[in-house]
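Subject: Structure handover

Hello,

Here is the structure for your files. My notes on the fold follow below it.

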Amino acid sequence: MAIRLPGVVHAKQLLRIRTSSSGREVPKGYCAVYVGESQKKRFVIPVSYLNHHEFQDLLSQAVEEYGYSHPMGGLTIPCREDIFVSLTSRLGA
């Protein structure tokens, strides 16, 4: 029997890349971030997440790792995807 974690599944669905025929769009009030250690994945998150203490820790790590020049052209966060999804699912609850 598999254990389902609806909060995590819901968070992944909310954070998925939203692509349209004209390219990647980021809705007003959201920002795109790239997450991962070697393979980077793009997530679209609410701007309000940037104010949370736990998210601020991730931003500090990003500054230490990349400075203010991010290799993907957008905000890149050097942490595992599962940690990021767990954090954003708690922030969105």
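Helices (H or I, at least four residues) and strands (E, at least two) are taken as DSSP runs and numbered from the N terminus. On that basis the order along the sequence is α-β-β-β-β-α-β-α, which gives 3 helices and 5 strands.

Two notes on the source. This is a predicted model, so local features need pLDDT of at least 70 and side-chain atom pairs count only at pLDDT 80 or more, while totals for chains, interfaces and linings use all residues. Residues are numbered from 1 along each chain as its sequence is written, and side-chain values use heavy atoms, with hydrogens and water left out.

Overall figures

Of the 93 residues in the protein, 33% are buried (buried is under 20% relative accessible area, exposed over 50%, partly exposed in between, with a 1.4 Å probe and protein chains only). The accessible surface is about 6300 Å², and carbon and sulfur atoms hold 53% of that; the areas come from the Shrake-Rupley method with a 1.4 Å probe, and for residues only the protein chains shown count as cover. Among contacts with a separation of 6 or more, 51% link residues 24 or more positions apart, where contact means heavy atoms within 4.5 Å.

The sheet

An open sheet is formed by 3 strands in the order β4-β3-β5, with mixed pairing; two strands pair if DSSP finds at least two bridges between them. The edges are taken by β4 and β5 (75–77), each with a single partner strand, so one side of each has no neighbour in the sheet. From one strand to the next the twist averages 40°.

Strands β3 (residues 30–35) and β4 run antiparallel and are joined by 6 bridges. Within that pairing, Val33 has Phe43 of β4 as its bridge partner. The two strands make a hairpin with 5 residues between them, and Gly36 in the turn has a positive phi of about 145°. In β4 (residues 41–46), 5 of the 6 residues are buried.

On the other pairing, β3 and β5 run parallel, with 3 bridges. Tyr34 stands opposite Thr76 in β5.

The helices

Helix α2 packs on the sheet and touches β4 and β5, its direction making about 100° with that of β5. Helix α3 lies across β3, β4 and β5 and runs at about 10° to β4. Axes here are lines fitted to C-alpha atoms, for helices over the stretch in contact, and angles run from 0 to 180 degrees between N-to-C directions.

How do α2 and α3 pack? Helix α2 (residues 53–66) and helix α3 (residues 81–91) meet at an angle of about 150°, with their axes 10 Å apart. That makes the two helices roughly antiparallel (the term applies to angles over 145 degrees). The contact is made by Glu54, Phe55 and Leu58 of α2 with Phe84, Leu87, Arg90 and Leu91 of α3.

Two residues

His52 sits in the loop between β4 and α2. Its relative accessibility is 33%, so His52 counts as partly exposed. His52 and Leu91 are 39 residues apart in sequence, and their C-alpha atoms are 7.9 Å apart.

Tyr66 belongs to helix α2 and, at 19% relative accessibility, counts as buried. Tyr66 and Pro78 are 12 residues apart in sequence and 8.8 Å apart in space, C-alpha to C-alpha.

Regards

Note on methods. Parallel < 35°, antiparallel > 145°, perpendicular 65-115°, else oblique.
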